[in-house]
Amino acid sequence: MSGVVRIDAPELLGQQILIPGLRGLMRDYPGIRLDIRSSVRPVQLATQQSDIVLRIVLPERGSYRMRSVGKIAFGLYAHQDYLDAHGTPSNEKDLSAHRVIGWSEELRYLSMALWLEELFPGLQPAMRFASFAAQLTAVESGFGIAVLPCFAALRTGLTPVLEDIPRLTLDLWLLVQDQAARAPRVQIVKDHLITILTESADQLEG
């Protein structure tokens with residue numbers, strides 16, 4: 001049981017949920033080597049094909065076997081230092097007077113960006129980034145308010161904002177490339193990832 005298994009997952013999910021849970025797999029199967037990449041882009045836009053892909057955006061094409069493996073909740077969060085300096089918005093209109101951190105223009109199709117646009121039409125972010133990690137760092141640095149996964153925001157002690165607004169909850173999908181699915185090492189890694197996500201369901205759902 002040896003060889004490389006390539007995994008592509010959203011960066012915060014990989015860093016905070018998956019990687020800490022992989023210790024048992026690496027101990028029990030020392031011949032398996034993991035190549036882990038991070039991306040939020042749809043599968044068909046990936047520059048290199050992966051054996052296992054975790055996404056909140058389903059692929060439009062490609063030879064993948066897929067299944068739902070849980071849900072991820074998102075909300076609006078800010079650092080308490082920012083709120084102390086600028087005040088806490090009490091309703092949607094108040095948000096227009098605050099610095100909002102959003103996604104880069106080329107990623108405006110993502111569910112998180114669309115949700116923010118639907119809630120606050122015409123809102124112009126003060127800062128835009130192409131990754132969750134960069135947005136999380138900006139919020140932790142007190143630069144403004146952003147839509148973040150609840151599990152990541154709560155883990156870093158950020159403060160929820162506008163809690164009366166229903167949170168965004170998205171399905172998390174696990175996809176296995178058709179040919180790779182026949183390899184026993186890929187099956188083992190896939191099963192281990194599903195176990196990690198199942199045990200982390202409460203965190204992921206906020």
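This report describes the strands, core, selected residues and open spaces of one predicted protein model.

## Basis of the description

The model is predicted, and local features are described only where pLDDT is at least 70, side-chain atom pairs count only at pLDDT 80 or more, and totals for chains, interfaces and linings use all residues. Residues are numbered from 1 along each chain as its sequence is written, and side-chain values use heavy atoms, with hydrogens and water left out.

## Strands that pair with β4

Helices and strands are named here from DSSP runs, numbered from the N terminus, where a helix is a run of H or I of at least four residues and a strand is a run of E of at least two. Strands are said to pair if DSSP finds at least two bridges between them. Strand β4 (residues 64–78) pairs with strand β9 (residues 168–177) in the antiparallel sense, over nine bridges, and within this pairing Ser68 has Trp173 of β9 as its bridge partner.

Strand β4 is also joined by four bridges to strand β7 (residues 145–149), and these two run antiparallel, with Phe74 opposite Pro149 in β7. A further three bridges join β4 to strand β8 (residues 159–161), again antiparallel, and here Tyr77 stands opposite Pro160 in β8.

## The nonpolar core

A nonpolar core is a set of buried Ala, Val, Leu, Ile, Met, Phe, Trp, Tyr and Cys residues joined through side-chain atoms within 4.5 Å, where buried means under 20% relative accessible area, exposed means over 50%, and partly exposed lies in between (1.4 Å probe, protein chains only). In soluble globular proteins, nonpolar side chains tend to be buried together. In this model the largest nonpolar core has 68 residues, and Leu13 and Met112 are those with the most contacts inside it.

A contact means heavy atoms within 4.5 Å. When its neighbours within four places in sequence are left aside, Leu13 is in contact with Leu18, Leu54, Ile72, Phe151, Leu172, Leu197 and Leu204.

Ile145 lies in strand β7 and counts as buried because its relative accessibility is 0%. Although Ile145 and Tyr77 are 68 residues apart in sequence, their C-alpha atoms are 5.5 Å apart in space. Not counting residues up to four places away in sequence, the residues that Ile145 touches include Leu76, Tyr77, Ala78, Leu95, Val100, Ile101 and Val161.

Asp51 is placed in the loop between β2 (32–38) and β3 (52–55), and it counts as buried because its relative accessibility is 7%. The side chain of Asp51 reaches the backbone nitrogen of Arg6 at 2.8 Å. Glu11, which is in helix α1, is buried because its relative accessible area is 13%. The side chain of Glu11 makes a polar contact with the side chain of Ser131 at 3.4 Å; a polar contact is a pair of N or O atoms within 3.5 Å, of which, within protein, one must be able to donate a hydrogen and the other to accept it, and residues adjacent in sequence count only if both atoms are side-chain atoms.

## A partly exposed glycine

Gly206 lies in the segment after α8 (201–204) and is partly exposed because its relative accessible area is 46%. Not counting residues up to four places away in sequence, Gly206 touches Ala73, Cys150 and Arg167. The C-alpha atoms of Gly206 and Asp28, 178 residues apart along the chain, are separated by 31 Å.

## Pocket and cavities

On a 1 Å grid over the protein atoms alone, a cavity is a set of points where a 1.4 Å probe fits but cannot get out, whereas a pocket is an open set with protein on both sides within 12 Å along at least five of seven lines, and lining residues have an atom within 4 Å of a point. Grid points are joined across faces, edges and corners, and a volume is the space filled by probe spheres set on the points. The largest pocket holds about 200 Å³ of space, and its lining includes Gly102, Trp103, Arg108, Glu117 and Arg128. Helix α4 gives the most to this lining, with four residues.

There are three cavities of 30 Å³ or more, and the largest cavity has a volume of about 60 Å³. Among the residues that line the largest cavity are Leu13, Ile72, Phe74 and Pro149, and α1 (11–21) and β4 each supply at least two residues of that lining.
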